[in-house]
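Please examine the sequence and the structure shown here.

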Amino acid sequence: MAAAAEEAAGSGGGGSPSSARRRLRIISGHLRSSPRAPEREALSLSPCKAQGGSTGPASGSIPRKRQELLKWNGWGYNDSKFIFNKKGQAEFTGKRYRLGGMVLPTFKEWMEKTFGASLDHKTTSRATLNVNDVPPSIVKEEFLQDLRATKISYSQDAEDRVFRAHGHCLHEIFILREGMFKRVPDIVVWPVCHEDVVKIVELACKHNLCIIPFGGGTSVSSALECPEEEKRTIVSLDTSQMNRILWIDEKNLTACVEAGIVGQDLENQLAESGFCTGHEPDSMEFSSLGGWVATRASGMKKTIYGNIEDMVIHIKMVTPRGIVEKNCQVPRMSTGPDIHHFIMGSEGTLGVVTEVTIKIRPVPEYQKYGSVVFPNFERGVACLREVAKQRCAPASIRLVDNAQFQFGHALKPQVASIFTSFLDGLKKFYITKFKGFDPNILCVATLLFEGDREKVLQHEKQVYDIATKFGGLAAGEDNGQRGYMLTFVIAYLRDLGLDYYVIGESFETSVPWDRVLDLCRNVKERIARECKEKGVQFAPLSTCRVTQTYDAGACVYFYFAFNYRGISDPIHVYEQIERAAREEILANGGSLSHHHGVGKLRKRWMKESISDVGLGMLRSVKEYVDPNNIFGNKNLL
Amino acid sequence: MAPPITRCPRPPPRLPQRSGQPSRGGAGQWVPREVAAAGRPLRRGRAAERGAGRRGGARRTMAAATAAAAPGRGRRGAPMYSKELTSKKRDEFEDILEERRLSSDLRYAMKCYTPVIYKGLSPCKPNAIKSAVLQSEQVQYVIKQLAKEMGESSDIIQEEAMEILDEMGHNMQLGAVRFFAFTLSKIFKQLFQRVCVNEEGMQRLQHAIQEHPVVLLPSHRSYVDFLMLSYLLYTYDLALPVIAAGIDFLGMKIVGELLRRAGAFFMRRSFGGNRLYWAVFAEYVKMMLRNGYAPVEFFLEGTRSRTAKTLPPKFGLLSIVMEPFFKREVFDTYLVPISISYERILEESLYAYELLGVPKPKESTSGLLKARRILSDNFGTIHIYVGQPVSLRTLASGRINRCPYNLVPRHLPQKPSEDIQEFVSDVAYKMELLQIENMVLSPWVLVAAVLLQNLPAMDFELLIEKTLWLKGLTQTFGGFIEWPDNLCAKKAVMSGLTLHSNIARLVDGHVVLNDKGVEDGAVGEIVFKHALAILMCATYRNQLLNVFVRPSLVAIALQMTRSFRKEEVYNCFSFLRDVFSDEFIFFPGISLKDFEEGCFLLTKCDAIQTNQQEIYPTNKGSVIISFLSTMFRPFVEGYQLIFRYLAKEAKEAFTEKQFIPGVRNFVFQLLEKGNTQCYEALSSDMQKNALAALVQLGAAKKKKMSNGFTYNVNQEAINKILDMFDARIPVQKPVAARL
Ligand SMILES: Cc1cc2nc3c(=O)[nH]c(=O)nc-3n(C[C@H](O)[C@H](O)[C@H](O)COP(=O)(O)OP(=O)(O)OC[C@H]3O[C@@H](n4cnc5c(N)ncnc54)[C@H](O)[C@@H]3O)c2cc1C
């Protein structure tokens, strides 16, 4: 196996205490501006100069050797995971997260009750990657010579290549644990700046190679999977080392950033200057700016800051045809269809996004969580609808159904002040205020307010007043905060489930307001039915939450998991059910995707979604920009 | 009058909460249906339970209620209806009157009535439902539209809508239900010997009601149908349905109001132009359905079949009840075909008069009171077979792919797409065919069929022999005969004759039609009396026809073409099938499959042999072939008579009102002169169907005028059809690609 030819200096770890603290801050949603500890030096090999003067040392949380920091066969940091300790209690390891080191006494019971899972029935992932299983790296010497001449760092190491052969779909993780991908990249390259990317794309065109851009690797649409039938050398273009903020323009409140920067670094580094983008997808610890642009990502605080398409002022992309960009950085222009919209959502099929000018905002003075309990999901949705109508949605407002409420409950730790106080509070609520609320029907909305203190309090009152009209009762700040924490740790939970025959996944859609309830009910019922038909022994967990509100509709997010004992081909069964659920969504007037994108997972519905002509329009752009299909990841079209 | 409502002394038993609702308290082990069923036994009073227990071991347990339908692929041609040709298992029957005869009707009427309800239901008073309908976006939208168009204030139209609702809406009250339970017990015991029900069917229905909104689709032969069905549901402690009944009932004031309180709601027979009425009505039905307040019941046939032959389905109501599913306002909807067969139909003579053009007495309370004398009569046994609930979702899967309702707000009135219309029509036919499959045939039905081929008189012993023979044939063809096990053929035929002594009787070892008064009287009267007797008798034979029609049309085609070439026979079959498409029930667009089924059944009874290209009648087959074609001769001849009339006599443009008496006179004269023996051509039902067939074959045009429909015929085209009948020219049909 060819080893990495040129190691860049500093393969440093993000696991320092300070970064752990940072993680904690992100998870809890408090982004304070604290000085970052300089963990790594600037990449010494970087030939690039930031045009406008960089705002500090360019280094990211994510090393080139991702496996040193991150799990190779699961989600997140190596040191953070759910386990069952010797007493058989669930526990979250590591110090990065607030939940770290805590015991979750009721989780085991919840898991047994919900999935019929048992600690006695355990599956084990293979412990390490078996390098011999990995398809060999096939790269022509001529290309390697040209590549070496550019001084761009690369690797043909099997681990490096496998790590970039997948995103985080269930089947991908399953393959890592129990099998091997049929096709993985042949070589990984680490450009450190725009010019590097230009060179790589030129070489790819010259040698007729296939490039697959790799950002944070958090894709959940099979977008990163290599097409099995691709015969050319596949180059994984890892953007993680292009992670500098090139400049900050305080007058216009914009920042120009290299596309490989991951969310947490972007926010932390901006925070040093007192700014933020406010873009917080649940994957923000690992997903990259370029990835967001390429998938049309959406962050939890979109009500204030907008989705990625609302934030982007300028995009620079390298394509086989050349570089696409605009001549100015203006808030809006009327120059035909916006070319940004060809780029956003292009999912790596047209070129590599290298630099993005993005809107920034001063870090908000004050943040406050909140929560409201509703007697049932219907009332909750009605309330969110009204909030949207009055256009007074807080930075984030989410409504979880009863099953998810119970799920959240199962994650209550034994110790830790905020949790106990919450719990006690909740118990008291049950006895006093919640009378008439059926704990098996009620649902909870979690809220996050942001802004200056006075306005937040005012805003808070307005929202709670509306909630009251719909039978809602304020249920405390902690409850809200816990809700948001859940979304960060849930990805870790899947790995635990996998150890005990439980597989699961999430998927999302957007839907007009009047169809939200019907869609939620029907999709859940469809999942339950399909499971039964496919021989799933235990009723699945199928639960949803409304995660975003818009004027004309909402984004709905589903979790779906089941115990697969007794099923010989769980992934196949799982995929059939997910497919049925998607059919159900479409039949209920929901969209193919609100923010996860299409990738290869949802391609089959594209025509139905945007019509023949629509698809043809996209195709013709692809044909013009990339006639030889250099960006051949086969997503979308 | 109505006894007071009693309070239920014990808490109603409930099925254990099913785990299929993940949002409610997480999940748990699947509860298999059978177990869930055990949680709440279907109850029908103690005696019945004992009875069931006794036989418990021997009884078949029915498979869980899964949709009967195999999802059809694509459009027509690969239909969602495919009949099972191997003999199918059917449930056994229980007599519900048996227990009524043993215990107090009053106690029965006052019993604890706590029907199981739809899982998502929040109970609601009729008035609240009405105001919800009125306030619904759907109705409000139409009100606003009309107000704008007519320049009136929407308040006025709103009031109008309220009136419509009052006229229409049901007003179910337990008191009325109990009153009905009591009186109907008395009346039914008087009228009928037995009322037999397949209890497994009721059990399946009980589950279905809890799971999804349910639409009951009974066959319609008598006014007794919906009374009986409600009675039945009450007996089994199931939710009473709201019934879409014709508005002519409203003529009967007291009864009408009572019916309304028992859960009927009323619909004007025709409200084509009235948008407000349509909107209110449709929303009312959908509201009942969406919220699962009660099963919705209506008759696919639209009206009582006067001939006991299933009428071609009407699509309006069906498409209304399917809409909530299309719009995904409900997850699924169960359609439940129900076959109600009468050994003797209450209205039999009324129907015969009506078919012959003697005006039908308007339903009035006094009319019904006069009908009391009927009470002294015996009407034998009723069989009610509650079919497998059919999941609309299953039917639609793979059929309705595109989502036509996604791009328009769901409350806007929207004409269904062609796809959907076609689907609705297919479902309607499918449900009727399912009704037909489970329709019980009594021995008398066989007797009538044999007798009509052997008029004026038939040797009793021969009749018995032939009846037995026909029994075998009917079973081969998949007919559902209830022939009491221990009853010898003679007794069965005898008991049929006794029950139907008004139709036929035994004279000197011969069976003759009971057309008393024929001997003396004017020629016209003789013809009329004779026609009356024949039509009444035909009502029973007719119950066989839809079971027999496919093999019979093959048999007729064999005779007409005098050819053995499959292709020719098929062309003729297909022609006949088209001609009779309103007369008998064929699933749309599967002519070839029907032909194959006909051939298969004929092969099964050894009447024919087939190879790739040819069909041969066997030696012993000629008896069967000729019996089958004779069975349908009245239709073949009748249609020809009617066509001949139209080809010769019809004026430029005519209405149905002009056509019926015209053709009746024409046939009447031929009968008087003895130029034909086809009495059945006097039936207005056949006349209308024949005209409709011409329209469908393109030989007549139907135009909507202010005063109804007018028709124009194309003489040449009719003559051509007549020539095909006479086999003077070969049937011209595009040849199917492969046989
Ligand atoms: C636990 C979890 C939570 C998530 N939560 C959210 C959420 O809240 N909101 C949301 O929108 N998404 C969410 N996602 C989905 C995922 O994080 C987003 O799609 C994200 O935008 C992907 O970014 P990435 O940098 O990880 O891209 P990758 O996964 O590396 O790549 C995704 C696609 O973009 C292409 N691509 C990446 N970088 C570039 C580039 N620079 N130029 C051109 N193409 C490129 C790749 O080729 C690939 O096709 C979540 C995923 C997980 C696993």
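**A helix and a ligand shell**

In helix H17(B), 17 of the 20 residues are buried, so this helix is largely enclosed by the rest of the structure. Buried means under 20% relative accessible area, with a 1.4 Å probe and protein chains only. Helices (H or I, at least four residues) and strands (E, at least two) are DSSP runs, numbered from the N terminus. H17 of chain B covers residues 418-437 and reaches 28 Å from its first C-alpha to its last, close to the 28 Å expected at 1.5 Å a residue; the expected span is 1.5 Å times one less than the number of residues.

The model is predicted: local features need pLDDT of at least 70, and side-chain atom pairs count only at pLDDT 80 or more, whereas totals for chains, interfaces and linings use all residues. Residues are numbered from 1 along each chain as its sequence is written, chains are lettered from A and ligands numbered from 1 in the order in which they are written, and side-chain values use heavy atoms, without hydrogens and water.

The ligand is surrounded by 34 residues, and Ser219(A) and Ser283(A) are among the closest; a residue counts as near if one of its heavy atoms lies within 4 Å. H8(A) gives the most to this shell, with five residues. Strand S6 (210-214) and strand S13 (352-359) of chain A each supply at least two.

One is 2.7 Å from a polar backbone atom of Ser219(A), and a backbone N or O atom of Asp282(A) lies 2.8 Å from a ligand oxygen.

Note on methods. Polar contact = N/O pair within 3.5 Å; in protein donor to acceptor, adjacent residues only side chain to side chain. Buried < 20%, exposed > 50% of the residue type's maximum accessible area, 1.4 Å probe, protein only.
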